[in-house]
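Good morning, and thank you for making the time.

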Number of protein chains: 2
Amino acid sequence: MMAKKRRDDDLPIAALLAPDILALLQEAPDEVAAETEEMHPADLADVAEAIPRDQVVALLNALGAERAADVLEYLDEELRSDVLETMTTRQAAQLVTEMTPDDRAYALDELEEEVADEILSALPPEQQRETEQMLAYEEDSAGRLMTTEFVSVPSSQRVEDALASVRAIARIGRKEAMYTIYSTDDAGRVNGVMSLRELLAAPDGAAVSDVAWSEVVTVTVHAGREEIVERTSKYDLVAVPVVDENMRLVGVVTVDDVIDIVQEDATEDVQKLGGMEALDDPYIDTGFFTLLRKRASWLTILFIGEMFTAVAMGRFEGEIQRAAVLALFVPLIISSGGNSGSQATSLLIRALALREVRLRDWWRVAMRELPSGLLLGALLGLIGFARIELWQAIGASDYGTGHILLAMTVAISLIGVVTFGTLVGAMLPFMLKRVGLDPASASAPLVATLVDVTGLVIYFTVALLMLRGTYL
Amino acid sequence: MMAKKRRDDDLPIAALLAPDILALLQEAPDEVAAETEEMHPADLADVAEAIPRDQVVALLNALGAERAADVLEYLDEELRSDVLETMTTRQAAQLVTEMTPDDRAYALDELEEEVADEILSALPPEQQRETEQMLAYEEDSAGRLMTTEFVSVPSSQRVEDALASVRAIARIGRKEAMYTIYSTDDAGRVNGVMSLRELLAAPDGAAVSDVAWSEVVTVTVHAGREEIVERTSKYDLVAVPVVDENMRLVGVVTVDDVIDIVQEDATEDVQKLGGMEALDDPYIDTGFFTLLRKRASWLTILFIGEMFTAVAMGRFEGEIQRAAVLALFVPLIISSGGNSGSQATSLLIRALALREVRLRDWWRVAMRELPSGLLLGALLGLIGFARIELWQAIGASDYGTGHILLAMTVAISLIGVVTFGTLVGAMLPFMLKRVGLDPASASAPLVATLVDVTGLVIYFTVALLMLRGTYL
């Protein structure tokens, strides 16, 4: 991303409107719905977030159930839970009924279990059954993320009949996207897909099966987030159809949810790579102590891991006593190992996340990273050697008569440490994935910590071998 | 992301089909088009990537121009450029003509300028003008990313007439999404938006202006990637309309491109955070030496920055000589500063990228990170103090009679270093953004390097004050 001109400090439109809407809400609540009719629900959600909490329920009431449900879908999770928990069960159920099935399941899942159960049992039986079924799928699976509102037509139908039923469904006022239409066989198994455009363009009289594409990209209800994202992005889909074990179409994951997933996962990856537990909410909305806890846990683990550096250096205390000059290069050498490891780990985390690289590619990656590490180490070693010799030559430092041996010690250590760091950084994501953990947990600080101890051992061992008889 | 069961090692379907298609291509090229008719162009692109390079042009020829253009849109950039540069100008122009305007501009932009100009001048005049106009916008701006194929209808039109023209456009076989339909006034300014569903659901006889929403979310042709992403994700759009200075609709950025942008930006952020230049291509497709260069540049810069640690420690060489024990805690203390800085920087990079936090919030963030840093430093300081005292008590180490003073030195230094690291890590992304650079360049290794030198100075200064008369 390059620098670019942007109105960075523009306030969201909703923040400007909030005072007006609040005033109207208090003076003429009956007019609020009409006055805000043309506003996007996302903007109304911003307004709800900007006004005092005790006015939010009044605002939602003033909007009417259908519109309020739209706003609820865009509302900050915490505020939404707050609102639903403050309302009477009947009020809440009325709103939740109007939400799309995926957002409904998601909203209920966020509530206290008791409240959620009460609202759930106040829903119409059909919706209750549907929502319970969705909540039964594992979190973050396609079954949980999908909406059950999609359009399918029998593949034997004629185009004009299919179009008529699509228009009829559109008129019921379902909110979910219906840009993609699926065709099914008699057993309800998906056997074709077409865009609404393709259906519109098809000549009257043709059968749906003539128009639909027979190769349908699907995921199962158990598919995970990465697979959903990969399918959507590879095939440029606006909705990914979700099928059960019998290839029966049970729902679709819409592209707006996929974008949210991609964004959330990227944020998680970055936070984990930074060496902390991923946050559930935006940084600015996360409480001070929650944030502190998420950081303190990893910071403590890393600190305890890093304590081994004191142990490792303790074993060479005698050498440091004899040649304090050795200590001067400790930060330089171990940080180079950490930096090269951090590069490798960030490369592999993304490559694994985007499925460019699979688990089985680990050996290929290792055989590529090994020469990389050696070359990068040689480069830094050369610079390090030159630096010591230059300082010695111009008299900026006096490393004593053995300065060439010292410079060689630093250079050789750098090759070893950078190679080791690169390999650890590249392999750690694979190892984590292999044991079922998230590769993104291979954070830059974790790699650095792992490499620091070994880096010290490499450095002092090289020093012992090279400097015996001169410095040591 | 939690661990989940996944067929990680499944081969893409295309890799399995490639040998069959290759055989067919050599034996009966006329049948290739019919045999692959139902395949998704993305899968055919995978096939093209799996077969020998010299067969790719033959495959595209066998598919016919329209279908080949679809495949070209999904092809790996490098291979696409290769293919277009090998073809005759006429052949290439024929393919490029069939591409969507945004992909056409993108593909030409990737080619050698000379070849691109030749192909461009062989395009039909209308397309040539359109493509040149798009290429005139800054890279990564909405003007460059948009497609000019969208559907707009006069707001004064009746629903049934609008629908008829939509069906007519659909029949021409334009490829881009037409899920969202825009209404315009007489001057071509956008004044309304509706989904295709809403148009379908509208009663015959109504005017388009009755159906369309009058609040249209738009971006200008100069809008950057972040703004496009933010709009799409906030308003759950499938297409973002792009307007010129006069609010005239000139194109739309479709959601599939937005997903690509989000993925690419996330990958860039992760790679930069890892301390390297972002790659242009997937890790596995990036050449060994390109990869090496992108890593070596930052690694060298960081190494040179880190050299100051040797200078800083050199100033305390006498102290280290007298009390080698001081050196033992150097890696522990400076890495804690780096780790806390890395956490803060990864938090703020994402918060800025998602526009949760703006430039003007820097002071608010600083006032939040300062107490965080102090508390996290105090926590680590406490653990460090306990560690030294415990080791001393059980006899695992002998730090001498002044061990309590030593433990206090380490603890106080940790508070200082972690607080400093946290503040630097949190503020660096703001500073980079302020001067027009990408906040994501505030990599974990960069923060660590900045903090290391200061960390050493803090540590040895505290030591000088605390340990005079005992160790020093």
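**Core, sheets and helices**

Setting aside neighbours within four places in sequence, A:Leu199 is in contact with A:Val159, A:Ala162, A:Leu163, A:Val166, A:Ile181, A:Met194 and A:Val211. Contact here is defined by C-beta atoms, placed from the backbone, that lie within 7 Å. What we have is a predicted model, in which local features need pLDDT of at least 70 and side-chain atom pairs count only at pLDDT 80 or more, while totals for chains, interfaces and linings use all residues. Residues are numbered from 1 along each chain as its sequence is written, and chains are lettered from A and ligands numbered from 1 in the order in which they are written.

Which residues touch the most other members of the largest nonpolar core? They are A:Leu199 and B:Leu199, in a core of 233 residues. Such a core is a set of buried Ala, Val, Leu, Ile, Met, Phe, Trp, Tyr and Cys residues joined through C-beta atoms within 7 Å. A residue counts as buried with 20 or more other C-beta atoms within 10 Å of its own, as exposed with 12 or fewer, and as partly exposed in between.

Let me turn to the contact between the chains. It takes 119 residues from chain A and 119 residues from chain B. On the side of chain A that touches chain B, helix 20 of chain A (residues 330–353) gives the most, with 16 residues. Helices (H or I, at least four residues) and strands (E, at least two) are DSSP runs numbered from the N terminus. That side of chain A has 63 nonpolar, 26 polar and 30 charged residues. In this classification Ala, Val, Leu, Ile, Met, Phe, Trp, Tyr, Cys and Pro are nonpolar, Asp, Glu, Lys and Arg are charged, and the others, Gly among them, are polar.

Next, the sheets of chain B. One is an open sheet of 3 strands in the order 1-2-3, with mixed pairing; strands pair if DSSP finds at least two bridges between them. Strand 1 (151–154) and strand 3 (190–195) of chain B are at the edges with a single partner strand each, so one side of each has no neighbour in the sheet. On average, neighbouring strands of this sheet are turned by 30° against each other, direction ignored. Strand 2 of chain B (residues 180–184) pairs with strand 3 of chain B in the antiparallel sense over 5 bridges, and B:Thr184 stands opposite B:Val190.

Another open sheet of chain B has 3 strands in the order 4-5-6, again with mixed pairing. Its edges are strand 4 (219–220) and strand 6 (249–254) of chain B; each has a single partner strand, so one side of each is left without a neighbour in the sheet. Strand 4 of chain B and strand 5 of chain B (residues 239–243) are parallel over 2 bridges, with B:Val219 partnered by B:Val242 and B:Thr220 opposite B:Val243. Strand 5 and strand 6 of chain B run antiparallel and are joined by 5 bridges; here the partner of B:Val242 is B:Gly251. In the hairpin of these two strands, which has 5 residues between the strands, B:Met247 takes a positive phi near 65°.

Is strand 5 of chain B enclosed or open? Of its 5 residues, 5 are buried, so strand 5 of chain B is largely enclosed by the rest of the structure. B:Ala239, B:Pro241 and B:Val243 point one way, and B:Val240 and B:Val242 the other way. Helix 16 of chain B (residues 255–273) lies across strand 5 and strand 6 of chain B, at about 60° to strand 6 of chain B. Axes are lines fitted to C-alpha atoms, for helices over the stretch in contact, and angles run from 0 to 180 degrees between N-to-C directions.

A helix pair comes next. The axes of helix 20 (residues 330–353) and helix 21 (residues 362–394) of chain B come within 11 Å and cross at roughly 150°. In the contact, B:Ser336, B:Ser340, B:Ala344 and B:Leu348 of helix 20 of chain B meet B:Val365, B:Glu369, B:Gly373, B:Leu376 and B:Leu380 of helix 21 of chain B. By class, that makes 5 nonpolar, 3 polar and 1 charged residues.

I close with a loop. A:Gly402 is found between helix 21 (362–394) and helix 22 (403–434) of chain A, and is partly exposed, with 18 other C-beta atoms within 10 Å. Beyond its neighbours within four places in sequence, A:Gly402 is in contact with A:Leu467, A:Thr470 and A:Tyr471.

Methods. Two residues are in contact if their C-beta atoms, placed from the backbone, lie within 7 Å.
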